[in-house]
Each structure stands twice: as C-alpha cells, then as structure tokens.
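Please view the sequence and the structure below before reading on.

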Amino acid sequence: MKKIITLLFALVLLVGCGSNDSLANKTPDEQYKIVMDNTQNITSMEMDMDIAIDMIYGEESIAYDTSTNIKVEMNKPDYKMSMSMNVEDESFQIYVIDGYIYMDLMGMKIKTVMTDEVSSQYEDKASVDMIEVDFISNLESKFENDVYTITYDVDDSVLTDIINEAMGNSIQDLGADGNIIVENVSCQISFDKKGVINGQKMAFDIVFSDDENSMKIKYDMDCVFKNVNKTVIEFPDLNDYVEY
C-alpha cells in the first residue's frame with residue numbers, strides 16, 4: 001500500500017492578451033499559442049484540481065479520487081502557496097511562505113526550510129502545464145457562453161516521455177522496469193475572450209510491466225483556474241508548527 005500511495009502522490013503532483021476581437025479571427029493553433037504565452041505571465045491564481053485514478057493490477061482494481069485546491073502567488077523571491085489535498089478520507093495541508101514549507105499531515109504539523117531545489121519543484125507543481133504546440137495535433141476550437149474550448153490530440157510517445165521523466169523514481173519503487181507506455185490520451189483547455197485560461201482536462205492510460213506483472217493506471221484530471229492574477233492568500237496561524 002505504501003508503494004501505491006507513493007505513486008498516487010506522484011500522479012497528483014504531476015501535473016499549465018489578445019483582444020476580444022483578435023481571438024475570433026485566430027486559428028485554433030494560434031489561439032492555443034496565445035493562451036500558452038499568457039500562462040507564462042501569470043503572477044497569482046487559484047486552482048481546483050480533481051483527479052480520478054483507477055489502478056488495475058491483474059484481476060484486482062483499486063480506485064482513488066483526489067481533490068486539491070491550490071492558491072499561489074508567484075512573485076519572486078516572495079513565493080507563496082497554499083495547498084489543501086483530500087485523498088479518500090484523509091486530508092493534507094501545505095503552506096509555503098517566508099522561505100519555509102509548513103505541512104499538516106493528518107494532524108502532524110511540521111515545518112522545514114525551503115531549499116532552492118524544493119522551491120523549484122513546488123513552483124512547477126503549482127503552475128499551468130501546457131504541452132508545446134509542436135507536439136499536439138487535430139486542434140478544434142469552439143466558442144460558447146463567452147468561453148473558448150480547444151480539444152486536441154497529443155502524440156502518445158510525447159506524453160510517455162513526459163510521464164517517464166516525472167514518475168521514474170516512483171515506478172522504480174514499485175519494482176517495475178521504469179519503462180512505461182501512455183495511451184488513449186485526450187486533452188482540452190478552456191479560456192476567456194482575452195486568452196486567459198480557466199480550465200484544463202486531460203485523460204490517459206499508463207501501462208507498465210516487469211518480468212512478472214503488469215499494471216494499468218487510468219488517469220482523469222479536471223482543473224478549474226480562478227482569480228488569475230488576482231489571488232491573495234490568507235494563511236492560518238502557523239506558530240504551532242515544529243521545525244524538522
């Protein structure tokens with residue numbers, strides 16, 4: 001079970017201008033690029049992320065649902081983050097402020113100094129992750145209720161490389177050979193008339209095996225982005241956290 005939880009957290013943490021008139025005259029590829037450029041300039045945001053994970057191992061199947069709320073202020077060097085995660089019946093809170101990480105893990109409250117390496121990891125996790133337009137295809141855009149939606153395909157091999165790099169250590173912990181295959185990928189982003197992202201969906205299957213066993217993980221993520229460039233984090237009292 002510990003190995004499965006390790007993989008679950010890797011999956012959960014795995015995972016990204018124009019005027020009103022200009023977007024209507026752009027191709028789906030051009031719209032996608034505008035949205036992607038805008039994500040690079042986000043200074044703060046709130047994200048609600050729901051993930052459904054179904055692990056199929058031989059004849060057994062284990063399903064997990066996770067919900068995560070992340071608020072982030074990205075102004076360096078004063079980077080701040082608040083993250084609340086619910087995994088089945090357990091909840092976890094993580095706060096980043098003043099160079100420290102504060103973690104409330106099932107009632108155990110600890111804090112630790114934020115190193116440059118860890119800071120980079122948290123900044124990556126609390127960001128909008130979009131795949132470069134060169135690696136996607138079949139983009140289709142529609143506009144309804146003042147919201148643009150683009151659906152697109154991602155080459156399985158491209159996402160396989162991304163997942164391999166992001167999850168390599170967790171896969172080795174499970175005893176697999178570290179080579180995985182991603183298939184059945186479907187993706188969608190939504191954004192307003194200014195090209196500011198407000199939603200992202202991604203679903204895919206991860207398949208890997210070793211000499212004796214194989215496992216399939218069905219992964220379905222739904223993100224909603226709110227208060228982009230307007231988020232201000234309110235932190236609880238952190239004085240009772242013990243430095244570790």
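Which residues does lysine 80 touch, not counting residues up to four places away in sequence? They are Lys71, Val72, Glu73, Val96, Ile97, Ile233 and Phe235, where a contact means heavy atoms within 4.5 Å. The model is predicted, so local features need pLDDT of at least 70 and side-chain atom pairs count only at pLDDT 80 or more, while totals for chains, interfaces and linings use all residues. Residues are numbered from 1 along each chain as its sequence is written, and side-chain values use heavy atoms, with hydrogens and water left out.

- An open sheet of 12 strands has the order 7-8-9-10-11-1-2-3-4-5-6-12, with mixed pairing; strands are DSSP runs (E, at least two residues) and helices are DSSP runs (H or I, at least four), both numbered from the N terminus.
- Strand 7 (136-144) and strand 12 (242-243) are the edge strands, each pairing on one side only; two strands pair if DSSP finds at least two bridges between them.
- Strands of a sheet pair through backbone hydrogen bonds, in either a parallel or an antiparallel way.

- Strand 8 (residues 147-154) runs antiparallel to strand 9 (residues 180-191), and 5 bridges join them.
- Across this pairing, threonine 151 stands opposite glutamine 188, and tyrosine 152 has cysteine 187 as its bridge partner.
- Strand 9 also pairs with strand 10 in the antiparallel sense, over 10 bridges, and here glutamine 188 stands opposite lysine 201.
- The hairpin of strand 9 and strand 10 has 5 residues between the strands, and glycine 195 in the turn has a positive phi of about 80°.
- Helix 3 (residues 28-39) lies across strand 7, strand 8, strand 9 and strand 10 (197-209), at about 85° to strand 7; the angle is taken between N-to-C directions, from 0 to 180 degrees, of axes fitted to C-alpha atoms, for helices over the stretch in contact.

**Lysine 80**

- Lysine 80 belongs to strand 3 (residues 80-87).
- Lysine 80 counts as buried because its relative accessibility is 19%; buried means under 20% relative accessible area, exposed over 50%, and partly exposed in between (1.4 Å probe, protein chains only).
- Valine 232 is 152 residues from lysine 80 in sequence, with a C-alpha to C-alpha distance of 9.5 Å.

**Aspartate 104**

- Aspartate 104 is in strand 5 (residues 100-105) and touches Ser91, Phe92, Gln93, Lys109 and Tyr241, not counting residues up to four places away in sequence.
- Aspartate 104 is buried yet has no salt bridge, as the nearest side chain of opposite charge, lysine 109, is 4.5 Å away; a salt bridge is a side-chain nitrogen of Lys or Arg within 4 Å of a carboxyl oxygen of Asp or Glu.

How values were computed: Lys, Arg positive; Asp, Glu negative; His and termini not counted.
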